[in-house]
Amino acid sequence: MSIPRSGAAALTLALITTACLAACGSDPLSSMSAEQIASKAVSDLNSESQFNLSGNVDENGQNLALTLAYKTPSSCSGTIAINGKGNLAVVSIDGTAWIKPDATFWQSYAGAQAQKAISLLGDKYLKSAPNDSNVSTLTSLCTVSSLSSAFTSAGTLTKGDATTVDGQQAIPLKNTHGATVYVSDTSSPQVLEITNSSASNGGKIDFKYGQSTAVAAPAVAETVDGSQFGF
């Protein structure tokens, strides 16, 4: 079993819009070009010990709601809800993933096998093999360097006027794909918020820093070998 591609793709695309990361226009970033600030913001994100993101993303009529806690360099955990078709509790650590679908998810995606899966799995996580291709979207999403490697390929960046996001001074930057990224106007710029107004890929994602959310593998007693479910 694999995570639905359309939902995972929507999330990945929404995060990749952070490629437009930052803009200058007021101290202390006014002397830096947009490209230089983007590079700095990528470096700063990669060096964060942990951060959280949450939000909603739309892709072709499907909504993806997510809440994820990250621990660098390659771990995250949280929940992904897919447009009324169920929720996934997810954990990914260094290329190994665990997912715990709820009953609605199984009923939406497992068809005639849904009740069997619900009965066999109960309230346990499915564990993937290390670096399993079925969960490559999730493990890539949870690898900070994999996300940030796309941040410099957003195309033309347009700086907006300084504003505030959650009380912090921020610089908005728009790209040609309809995304606006708000970055803290500080010597160590941080991504604060991403919005996307495009018809096919709208949504909003918020980033939070300094929150201590543990990212840990589920206990062995709480897991099931995912291979019996094609995972």
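For the assignments below, I take a strand to be a DSSP run of E with at least two residues, and the numbering starts from the N terminus. The model is predicted.

**Whole chain.** I found six helices and 13 strands. Of the 231 residues in the chain, 48% are buried. I then looked at contacts with a separation of 6 or more, and residues 24 or more positions apart account for 54% of them. The accessible surface comes to about 10,200 Å², and carbon and sulfur atoms hold 49% of that.

**Ala 89.** I placed Ala 89 in strand β4, which covers residues 87-93. Is Ala 89 buried or exposed? Its relative accessibility is 15%, and buried means under 20%, so Ala 89 counts as buried. I next listed its contacts, leaving aside neighbours within four places in sequence: Gly 78, Thr 79, Trp 98, Ile 99, Lys 100 and Tyr 125. I also checked Asp 102, which is 13 residues from Ala 89 along the chain; the two C-alpha atoms are separated by 8.2 Å.

**Cysteines.** How many disulfides does the structure hold? I found one. Cys 76 and Cys 142 form it, with their sulfur atoms 1.8 Å apart. Cys 76 lies in strand β3 (residues 75-82) and Cys 142 in the loop between α5 (136-141) and α6 (144-148), so the pair ties together parts that are 66 residues apart in sequence. I noted both Cys 76 and Cys 142 as buried.

Key
Residues numbered from 1 in each chain as written. Predicted model: local features only at pLDDT ≥ 70, side-chain atom pairs only at ≥ 80, totals over all residues. Heavy atoms only, no water. Helix = DSSP H or I, 4+ residues; strand = E, 2+ residues; numbered from the N terminus. Buried < 20%, exposed > 50% of the residue type's maximum accessible area, 1.4 Å probe, protein only. Contact = heavy atoms within 4.5 Å. Areas by Shrake-Rupley, 256 points an atom, 1.4 Å probe, with all protein chains shown as cover. Disulfide = S-S within 2.5 Å.
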